[in-house]
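Biologist: I would like to learn how to read a few features of a model, one at a time. Please give the general idea before the case.

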Amino acid sequence: MKNIVLIATGGTIASAREAGGAVNAGLTGETLLAALHAPLDGIAVTVENFAAAGSYALDLATVFRLCRRIDAVLADAGVDGVVVTHGTDTMEESAFLAWLLVKSEKPVVFTGAQRHAGQPDTDGPRNIHDAITAAASPQLTGLGPVILFEGDIHGARYVAKTHTARVDTFRSAGLGKLGEIDGGRVYLYARPAAARPVIDPSSLDPDVELIALGLGSTPRYLEWAGANGASGVVLAAFGRGNAPMGFATATAALTAAGLPVVIASRCPEGRTRAVYGRDSGGCTLVEAGGILAGDLSPIKARLALCAMLGAGYDLPRIAAAFAQLGDEGIS
């Protein structure tokens, strides 16, 4: 008998329409488990109700506690894996934080739903059944946390929500899924190419800002962040890691004051590289002290920086960590 712990955190999967028309979370993990359409042969499930909120309402402190709880649960020799039910809006972020923070190599599977529990064609029960089945499979040991949705298994390192409403919303751009579950069986097609670079912070720094760049953007938000309590900034930059005029000068001012400025690309595929020069090309940003994020998305680069600052990393160590995480920490 396999033993799986289901940690319920709310989200669409635990939501129903209330009077007035709004959809809100509130269903317990026990209620979700009772709604499964098929038996879980050879698997015992214990439920923990961690939170009941849409994932858009979660904060870093809550997800940090969630990651610590996952590790505590998996430390029990009698537990074979964990399933986390979670809202889809920020599931990729919580799963990535678990990928960075959870020390255990036992299976950790995030899942949820795009159609709330009050809809007759809700996708929640099937996703939960698949996730529990996958978490009980020894094939997922050592993969790091994953997202299982609509039968597909995606590594937390690259997966992203790509559609606002479709049930097959999760994709790993340019790389594809790690595997799938079909007819109650797990099929893996890929495994991580390198070990996870686990970070061990005392907390997640909440004061890291993410700034999206567009044609002709000015550096005033970057300058404002540096003057108003930000502990670090991630730029969602162009292409290889380039920015509009003025950003290199602003970056130099922040890094001189000890604030890390990380440059990620807004492109869904590829990696940053210092190629272009002059005003605020990637070469100039790096000369100004900017740190390239490799192939980390801006969203995930921000979370990594939150964890590094929470672990007390200084600028040289942050740069070294991103060099590893953005180029080598692949799963």
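Biologist: Which residues of helix α6 (residues 247–256) are buried?

Modeller: Start with the terms: buried means under 20% relative accessible area, exposed over 50%, and partly exposed in between, with a 1.4 Å probe and protein chains only. Helices (H or I, at least four residues) and strands (E, at least two) are DSSP runs, numbered from the N terminus. In α6 the buried residues are Phe247, Ala248, Ala250, Thr251, Leu254 and Thr255.

Biologist: How should I read that spacing?

Modeller: An α-helix has 3.6 residues a turn, so residues three or four places apart point the same way. The arc used here is that of the directions from the helix axis to the C-beta atoms. Seen down the axis of α6, the buried residues fall within an arc of 160 degrees, so they line one face of the helix. Thr249 and Ala256, on the other side of α6, are exposed.

Biologist: What covers the buried residues of α6?

Modeller: Cover is read from contacts, where contact means heavy atoms within 4.5 Å. The cover includes α5 (220–227), β14 (232–237), β15 (261–265), α7 (282–287) and α9 (315–327). Just after α6, Gly258 takes a positive phi of about 95 degrees.

Biologist: What should I know about the source before going on?

Modeller: This is a predicted model, in which local features need pLDDT of at least 70 and side-chain atom pairs count only at pLDDT 80 or more, while totals for chains, interfaces and linings use all residues. Residues are numbered from 1 along each chain as its sequence is written, and side-chain values use heavy atoms, with hydrogens and water left out.

Biologist: Which residues other than glycine have a positive phi?

Modeller: Glu150 is one of them, with a phi of about 50 degrees. Glu150 sits in the loop between β7 and β8 (152–155) and counts as partly exposed at 38% relative accessibility. Arg278 also has a positive phi, about 60 degrees, although it is not a glycine. The loop between β15 and α7 holds Arg278, which is exposed, with a relative accessible area of 78%.

Biologist: Is Gly144 buried or exposed?

Modeller: Gly144 is buried, its relative accessible area being 7%. Its place is the loop between α4 (124–135) and β7 (146–149). Leaving out residues up to four places away in sequence, Gly144 touches Trp99, Glu105, Val108 and Arg196. Gly144 and Pro107 are 37 residues apart in sequence, yet their C-alpha atoms are 6.8 Å apart in space.

Biologist: What does His129 touch?

Modeller: His129 lies in helix α4 and counts as buried at 16% relative accessibility. With residues up to four places away in sequence not counted, His129 touches Leu36, Ala38, Pro39 and Leu40.

Biologist: How many helices and strands are in the chain, and how compact is the chain?

Modeller: The chain has 9 helices and 16 strands. The radius of gyration is taken over C-alpha atoms, and the globule rule is 2.2 Å times the number of residues to the power 0.38. The radius of gyration of the chain is 20 Å, close to the 20 Å that the rule gives for 331 residues, so the chain is as compact as a globular protein of that length. Along its principal axes the C-alpha trace spans about 60 × 45 × 35 Å. Of the 331 residues, 51% count as buried. Among contacts with a separation of 6 or more, residues 24 or more positions apart account for 74%.
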